[in-house]
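Please look over the model below before reading on. The briefing covers confidence, sheets, cores and annotated spans.

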Amino acid sequence: MLNSLRSLLMPDQIRLIRSYLILLAVSGLSEAGTTLLLIPVTQSLMTHAYGRLESWMIVLTIAVVMTCLLRYWQTMRGLGLSVTVLRTVQSRLGQHMVRLPLGWFTREVSGQVSRCATYGAMGLASALSHLLPALLSDIAVPLLTSGAMMLLDWRLGIVALGGAIGVLAANSRISKSIIRGEAPSHEATVTLNNRVIEFARCQATLRAFCHESAAYKPLTQALEAKNKAGQSLLATTFPKVLISGLSVQLVFALLVGVGLYLTLSGGLGVPRLMAFLVLATRFSGGLAMLGARMGVLGMIRREIERIAAIMNEPTLPEASHRKNLTAPGAISFRSVDFGFHYGDAILHDVTFDVPQGSVTGLIGPSGAGKSTLLKLMMRFYDPAKGQILINGVDLRELPADQLMDQIALVSQDVFLFAGSIEENIRIGNPDASEETWRHAARLARVDALVAQRRHGWATQVGEGGCQLSGGERQRVALARALLKDAPILLLDEASSALDALNVAAFQDVVRQLRGKTTIVMITHQLETVMHADYLLTIEAGRIVERGTPADCLTSRGYFDRFCHERRQALGWRLTG
Ligand SMILES: Nc1ncnc2c1ncn2[C@@H]1O[C@H](COP(=O)(O)OP(=O)(O)OP(=O)(O)O)[C@@H](O)[C@H]1O
């Protein structure tokens with residue numbers, strides 16, 4: 001467990017946990033020692049030795065006060081530590097996830113991640129502040145009380161120790177089998193989380209295609225599966241918990257029986273029997289709690305292992321030193337092969353150069369691999385073979401932040417953060433002056449859209465930008481990308497959702513940046529393509545044409561067909 005914790009926490013936090021454990025042990029010993037003082041107190045009481053009783057009562061009072069103070073100190077330390085640990089685990093999880101290859105973020109991990117970041121991290125934090133103190137005290141109490149019984153009569157001590165070992169061994173087996181049985185319930189919970197996220201995200205599609213979105217079948221099935229898994233966990237756990245409780249009661253009965261037998265046979269006086277019964281009650285209470293908490297600890301250990309498994313997912317190897325990029329903006333692909341999954345090739349032997357400051361149009365049929373090329377330029381994935389270079393430097397040799405400084409992206413699926421239009425644009429460069437960001441917004445024609453809104457720049461865009469139209473979202477995203485002022489601008493279908501007027505405005509932006517910024521754009525707009533300096537045509541993951549639009553036309557391949565189809569469509573629209 002400590003090993004898993006090491007991968008989640010900072011070394012100084014591990015040290016803090018160690019010193020906290022020592023404090024817990026001291027506090028647990030103090031509590032158990034206080035319990036032990038009940039022996040002389042009870043004995044003095046039973047033998048009417050009131051003088052000694054008074055002295056023992058003073059010692060007991062001091063011990064109780066000390067235990068309370070230690071408890072208070074330990075509680076405060078525990079709470080502070082649990083808050084720190086919760087924050088650390090959640091932020092390290094976040095930091096790690098931004099370095100994972102995008103391929104890891106399939107839909108099916110969102111439920112697992114959200115469970116780990118909330119339930120798992122909270123479980124770990126509360127284990128430190130609540131479970132561990134109780135657990136240590138549960139360990140200390142049976143240990144010390146059985147030691148005290150040993151002092152009263154060695155036979156009682158032996159029975160207590162033997163009983164404790166038997167109960168703990170049984171409980172360890174029981175908690176292991178409960179944890180094994182919990183796996184299907186955990187899987188069902190993760191699946192349910194995934195379905196709930198999907199249900200919330202895909203409401204529009206659900207309403208359009210499912211007559212009753214409330215009865216979305218995969219969600220209903222996931223709920224049923226979760227219920228079934230929960231019930232079956234309960235059914236298998238209940239008898240085990242019962243056995244665990246019974247085993248403690250058996251040990252208690254055995255202790256009482258042996259105590260009574262020893263008293264009746266004259267081996268133990270009544271005052272000692274009374275002291276023993278007090279100890280036996282405390283002993284069995286502690287033992288019962290220990291059994292229950294061992295099970296909870298096992299569950300939390302599983303949660304820690306699940307978080308650690310995410311933290312151990314290999315990140316994309318990253319260079320630590322920034323490189324000197326003398327003329328940033330040039331992009332080169334050298335014999336690149338790529339597939340999202342092992343053995344599944346999407347791009348084959350892709351080689352091309354994009355000169356610095358040029359405008360390059362990327363065209364090709366749907367599914368040919370155009371967006372994948374842009375994702376590789378952003379290093380969302382590494383190629384299986386070959387090299388991708390920016391200004392002659394392999395992407396793998398650039399630290400992630402330096403690479404991200406080089407590139408701005410307007411993707412196919414524009415994502416805006418819940419907040420105002422202004423905030424969404426300023427994400428592109430939070431330090432930009434008002435004049436600069438407004439200039440970027442004007443270039444992307446966001447000012448026109450803002451002019452129609454009552455709240456102007458403060459207009460809220462909603463989660464993911466849902467309160468804006470597709471074209472409006474793209475203009476805000478374009479302004480954000482322009483504000484970043486990166487040497488490379490990648491545009492993926494950025495004009496597909498814009499109307500004719502906005503397409504023209506969009507082309508204006510491209511014209512304005514030509515020569516200063518390297519632009520690679522995926523577009524299906526004929527006019528935009530014709531204004532590109534160079535074209536790259538990709539079919540089935542292979543570059544089949546490259547050169548100026550005029551060069552590509554002469555090869556009478558995909559680009560020729562593309563122009564023909566667009567002109568026909570235009571003619572159809574004009575006459576239809
Ligand atoms: N995350 C992914 N995992 C597995 N396969 C993927 C993934 N993303 C894309 N693909 C597959 O890779 C291929 C290329 O996809 P890509 O999105 O690059 O095509 P595209 O040329 O941009 O298409 P479009 O013009 O329709 O957007 C497709 O067959 C697609 O199914």
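What follows is a short tour of the structure, grouped by topic.

This is a predicted model: local features need pLDDT of at least 70, side-chain atom pairs count only at pLDDT 80 or more, and totals for chains, interfaces and linings use all residues. Residues are numbered from 1 along each chain as its sequence is written.

**Confidence**
- The model's ipTM is 0.97 and its pTM is 0.67.

**The four-strand sheet**
- Helices (H or I, at least four residues) and strands (E, at least two) are DSSP runs, numbered from the N terminus.
- Four strands make an open antiparallel sheet, in the order S2-S1-S4-S5; two strands pair if DSSP finds at least two bridges between them.
- Strands S2 (347-354) and S5 (393-394) are at the edges with a single partner strand each, so one side of each has no neighbour in the sheet.
- S1 (residues 331-338) pairs with S2 over five bridges, in the antiparallel sense.
- Phe-333 is opposite Phe-352 in S2.
- Helix H10 (residues 370-377) lies across S1, S2 and S4 (385-390), at about 115° to S1. Axes are lines fitted to C-alpha atoms, for helices over the stretch in contact (C-beta atoms, placed from the backbone, within 7 Å), and angles run from 0 to 180 degrees between N-to-C directions.

**Strand S9 and its partners**
- Five of the six residues of S9 (residues 534-539) are buried, meaning that 20 or more other C-beta atoms, placed from the backbone, lie within 10 Å of their own.
- S3 (residues 359-363) pairs with S9 in the parallel sense over four bridges, and Thr-360 stands opposite Tyr-534.
- S10 (residues 542-547) pairs with S9 in the antiparallel sense over five bridges; Ile-543 is the bridge partner of Ile-538.
- Two residues separate the strands of the S9 and S10 hairpin, where Ala-540 takes a positive phi near 45°.

**Nonpolar cores**
- A nonpolar core is a set of buried Ala, Val, Leu, Ile, Met, Phe, Trp, Tyr and Cys residues joined through C-beta atoms within 7 Å.
- The largest has 67 residues; Ile-425 and Leu-490 are among those with the most contacts inside it.
- Helix H15 (residues 470-484) gives the largest share of this core, seven residues.
- Apart from this core lies another, of 47 residues, including Leu-144 and Phe-283.

**Annotated spans**
- The unreviewed UniProt entry annotates "transmembrane region" at residues including 53-73 and 148-170; such annotations may be inferred rather than shown by experiment.
- Residues 53-73 are 100% helix, with end C-alpha atoms 30 Å apart.
- Residues 148-170 are 96% helix, with end C-alpha atoms 24 Å apart.

Methods:
Contact = placed C-beta atoms within 7 Å. Buried ≥ 20, exposed ≤ 12 C-beta atoms within 10 Å, placed from the backbone.
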